Amino acid sequence: MTSDPHPQPDRADVAILIVDDDPRNLFAVRETLEDLGAQLILARSGEEALKHLLRQDFALILLDVHMPGMDGYETAELIRLREKSRHIPIIFLTAINKDETHIFRGYATGAVDYMFKPVDPQILKCKVSVFVDLYRKTEEVKREVDAKQRLLDENERVRREMRLAEQALRRSEERQALILEQLPIVLYTADLTPGIPFRYLSETAERVLGYPAGRFVDDSGFWERGLHPDDRARVLRQLESIHDTGLTTVEYRWRCPDGGERHLLDQAVVVFGEDGVPGELFGTILDVTETRQAQRQLAHAQKMEMVGQLTGGIAHDFNNMLMVVIGSLERLLPGLSDDTKAARRAEMALQAALRCSDMTRRLLTFARRQQLHPEPVDLGALVAGMGELMQRTLGGGVAIAIEAPPADTPPLWTASVDRSQAESALLNLVINARDAMPGGGSLRIRTENVRFEAPRAALGMTVPAGDYILLSVSDSGCGMAPEVLERAFEPFFTTKEAGKGTGLGLAMIHGFVKQSGGLIGIDSIPDAGTTFRLYLPRATMEMSHGAAPAEDGADEAFAGRGETVLVVDDDADVRAVAVQAVGALGYRVLEADGAEAALTVLDRQPVDLLFTDIVMPGGLNGRELAREGLRRHPALRILFASGYANGTSAPGWEGGSVPDTREDDPGAVLGAVLGRAETLAKPYRDGVLARALRRALDLQAPIAPAEVVRG
C-alpha cells in the first residue's frame with residue numbers, strides 16, 4: 001500500500017517511510033505528519049518496505065515492531081545490512097513489545113528511538129521534524145534563509161516567524177547531537193569577522209579532520225595553517241567572497257596529524273540575524289578523499305583500457321605481417337641449401353621474426369585479448385627462461401636467486417596453466433617485490449611439488465586434494481601491515497603513490513589462479529618481507545622435461561592425404577602464405593577472401609576442412625562463418641586462426657566454455673563442435689600448422705544429420 005500525499009511543491013524534497021500492517025495506524029500517522037511537507041510512503045509489511053528502499057532514499061523510517069511474517073526487528077536488521085540504507089534513522093512504534101528486552105533489542109538493531117502506541121501526535125511530529133530538518137541540510141537552510149529574507153521586507157508577522165524558526169533550529173541542535181556524531185560530516189558555525197573564526201564544530205571533527213573540535217575554536221588561525229600550502233590562497237579568497245554572494249562551495253586538501261592529506265568539500269551559507277544583518281556562517285565539511293581517489297583510479301583504468309585496446313589492435317595487425325614474413329622465410333629456406341651464407345641470413349631473419357612474434361604475444365597478454373588457454377607448462381623452465389627479463393626489471397640493486405627442486409627429489413611436475421598468464425603473474429610479483437625494496441634487497445623464486453591430502457581453502461578459493469606445483473616468490477622488502485594484507489587482492493587497492501600503480505596487478509593474479517583451479521597463499525611481516533605462494537594444478541599428462549615439440553618442420557605423419565582445405569582470410573598476403581603452406585603439406589587448397597565467398601565455395605564443391613581467420617571486417621566473422629558452414633555441411637571440419645592468439649572475447653563458446661549439447665537443441669550442438677575447434681595463433685610455423693590440420697581432420701567428429709539445424 002503506497003500513498004503519495006500532497007506536499008508543497010518546493011518541500012517535497014524529503015520522503016518518510018511508514019511501515020505498519022494496520023491500515024488504521026498508517027492513516028493516523030499519515031494525518032499527523034502530512035503537514036510537514038514531506039512525501040509519506042506507506043508500507044503494509046517489511047517486504048514492501050524493503051522494496052521501497054530499493055527505489056528511493058528516505059529521511060526517516062517509522063517502523064512497527066509487531067507485524068506478521070517479517071517483524072520490525074528483522075526488517076531493521078536487513079535495512080542496516082544494506083550500505084545505502086544503513087544510515088537512515090529508524091523509530092520503532094509498538095503497542096505490544098514494551099518490556100526492557102524488546103526495547104534493548106530495538107536499540108541494538110540501530111533504532112534512534114522506541115515509542116509506544118498510542119503515540120502522542122505532537123511528540124511524534126516534533127521528533128520527525130528533527131530528522132526532516134537534518135535531511136534537508138544546507139540546501140534547506142539556504143532556501144529557508146532566502147524565504148525569510150524576502151518575508152522580512154513584508155511585515156512584522158513574518159519577522160516573528162523567522163525568529164521562532166531560528167530558535168527552533170538552535171533547540172534542535174542538542175537533540176541532533178547524537179545523530180550527527182554518526183554522520184561522516186562536520187557541521188560548523190563561524191563568525192563573519194576577518195579570518196572567519198569558528199564558533200562551533202560538531203564532535204565528528206576529530207574523525208574527519210584528525211583534531212578535536214576545541215582546537216579549531218580556541219585557536220582562530222589553526223584551520224588556516226592546516227590547509228595545504230598550494231590551496232590556502234585560493235580558499236581564503238573564495239571565503240572572502242561570501243560577504244557578497246551569501247554562500248560558497250570550495251574543495252581543498254587538509255593536512256592530517258599523521259602527515260597524510262584528505263580532500264574536503266566545504267559548503268557554507270550566510271545566516272542573517274533578526275535585523276537582516278549577516279550574523280554568522282553555517283556550513284558543512286565533507287570528506288571526499290575516497291571519492292576523488294576512485295575518480296582518479298577510474299580515469300587511470302579507462303586510460304589503461306584504451307591503451308590495451310590500441311596495443312591489442314597493433315599486435316593483431318603485426319601478427320598478420322609476421323605471418324607473411326615467417327611464412328615466406330620458411331618457403332625460402334629450403335631453396336637456399338646450396339648457399340650457406342644466404343641460408344644463415346634467412347635463418348637469422350626467421351629467428352628475429354619469431355622473437356617479434358613472442359613480443360606481440362606479450363603485448364596481447366597486456367591488452368587482455370587472450371582467453372585463458374591451459375596447457376602443460378614446466379614452471380621451472382618458465383622461471384629460468386624469464387631470468388634475464390626479471391633481472392632487467394629488478395635492476396642492479398636487487399639480487400635474484402632462482403631455486404629448483406633438490407637433485408635428490410622427483411622431477412618437477414608439469415602444471416596445467418595458461419603460459420602467457422603464468423608469465424604475466426610472475427612478472428607482476430617481481431615488479432611488486434622491486435617496488436617493496438626501493439633501497440635494494442634480495443628476491444628468491446622457488447618451484448617444488450606439493451601434494452594436498454585434503455581440500456584447502458584461502459582468499460576465496462577452494463581446491464580439492466591432489467597434486468600441485470608451488471611457485472613461490474619471496475622478497476626482503478618493507479612487508480605489509482595486517483590491514484594492508486587483508487586488502488592486497490582487492491581491485492584498485494594500492495599503497496603506491498598516485499600514478500605509480502593501478503591496484504590491478506594482484507587482483508589479476510588472483511583471478512588467473514582462481515580460474516586455473518589453483519590456490520594463493522601470502523605471508524608478510526612489516527619490515528621483514530613478503531612471500532607469495534601460487535599453487536597451480538598438475539597437468540594430467542606429463543611432458544618430458546627438456547623436450548619441446550618441434551615447430552620448424554612438418555613430420556610426415558602429419559602430412560596431408562589429398563583432403564580439400566578451404567583457406568579464408570581477408571588479408572591477401574596472409575592468405576597467400578597460408579595457401580602455400582597448406583598446399584606444401586599435401587592438401588588440395590581452395591581460397592576465399594571473406595565469409596560470403598567462402599560460403600559460395602562450400603556450396604559448389606566438397607570441402608573437408610574450413611581453415612578461417614576469426615577477425616574479418618564486414619559481414620560474418622570467422623566463427624559465424626564456421627557456424628553457418630556447419631549448418632549447411634555437417635561433415636565439415638573447422639580450424640581457426642587469429643592474430644589475437646585465442647580469438648576474440650565473446651560470450652558462450654567463444655569465451656572458452658562448451659554449451660550443453662542436448663539432442664533437442666541443434667544450436668547447442670553446433671556451438672559444442674565449434675567450442676572444440678582449435679585456434680592457431682598467428683604467426684604459426686609449418687610444423688604447428690601441419691599438426692593442427694591433422695588433428696582437426698582426424699579428431700573432430702562430424703555432426704550427425706539428425707543434429708543439423710534446419711534452415
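**View 1. Cavities in the predicted model.** Five cavities of 30 Å³ or more are counted in this structure, which is a predicted model. The largest cavity has a volume of about 80 Å³. Its lining includes the aromatic residues Tyr 188, Phe 198 and Trp 223. Ala 190, Ile 196, Leu 239 and Leu 281 line the largest cavity too. Gly 195 and Asp 266 complete the lining. By class, seven of these lining residues are nonpolar, one is polar and one is charged.

**View 2. Helix α2 against helix α3.** Helix α2 covers residues 46-55, and helix α3 covers residues 72-81. Their axes come within 10 Å and cross at roughly 20°. Angles under 35 degrees count as roughly parallel, so α2 is roughly parallel to α3. The crossing of the two helices is right-handed. From α2, the contact uses Gly 46, Leu 50 and Leu 53. From α3, it uses Thr 75, Leu 78 and Ile 79. Four residues of this contact are nonpolar and two are polar. None is charged.

**View 3. Helix α15 against helix α16.** Helix α15 spans residues 387-394, and helix α16 spans residues 419-436. They pack at an angle of about 25°, with axes 10 Å apart. That angle makes α15 roughly parallel to α16. Their crossing is right-handed. On the α15 side, the contact residues are Leu 389, Met 390, Thr 393 and Leu 394. On the α16 side, they are Leu 426, Leu 427, Val 430, Ile 431 and Arg 434. The class count for this contact is seven nonpolar, one polar and one charged.

**View 4. Helix α20 against helix α21.** Helix α20 runs over residues 595-604, and helix α21 over residues 622-632. Their axes lie 10 Å apart, at an angle of about 20°. The two helices are therefore roughly parallel to each other. α20 passes α21 in a right-handed crossing. α20 brings Ala 595, Ala 598, Leu 599, Leu 602 and Asp 603 to the contact. These meet Leu 625, Glu 628, Gly 629 and Arg 632 of α21. Five residues of the contact are nonpolar, one is polar and three are charged.

Methods: Residues are numbered from 1 along each chain as its sequence is written. This is a predicted model: local features need pLDDT of at least 70, side-chain atom pairs count only at pLDDT 80 or more; totals for chains, interfaces and linings use all residues. Side-chain values use heavy atoms; hydrogens and water are left out. On a 1 Å grid over the protein atoms alone, a cavity is a set of points where a 1.4 Å probe fits but cannot get out, and a pocket is an open set with protein on both sides within 12 Å along at least five of seven lines; lining residues have an atom within 4 Å of a point. Grid points are joined across faces, edges and corners, and a volume is the space filled by probe spheres set on the points. Ala, Val, Leu, Ile, Met, Phe, Trp, Tyr, Cys and Pro count as nonpolar, Asp, Glu, Lys and Arg as charged, and the others, Gly among them, as polar. Axes are lines fitted to C-alpha atoms, for helices over the stretch in contact, and angles run from 0 to 180 degrees between N-to-C directions. Helices (H or I, at least four residues) and strands (E, at least two) are DSSP runs, numbered from the N terminus. Angles under 35 degrees count as roughly parallel, over 145 as roughly antiparallel, 65 to 115 as roughly perpendicular and the rest as oblique. A crossing is left-handed if the near helix is turned anticlockwise from the far one by less than a right angle, and right-handed if clockwise. Contact means heavy atoms within 4.5 Å.
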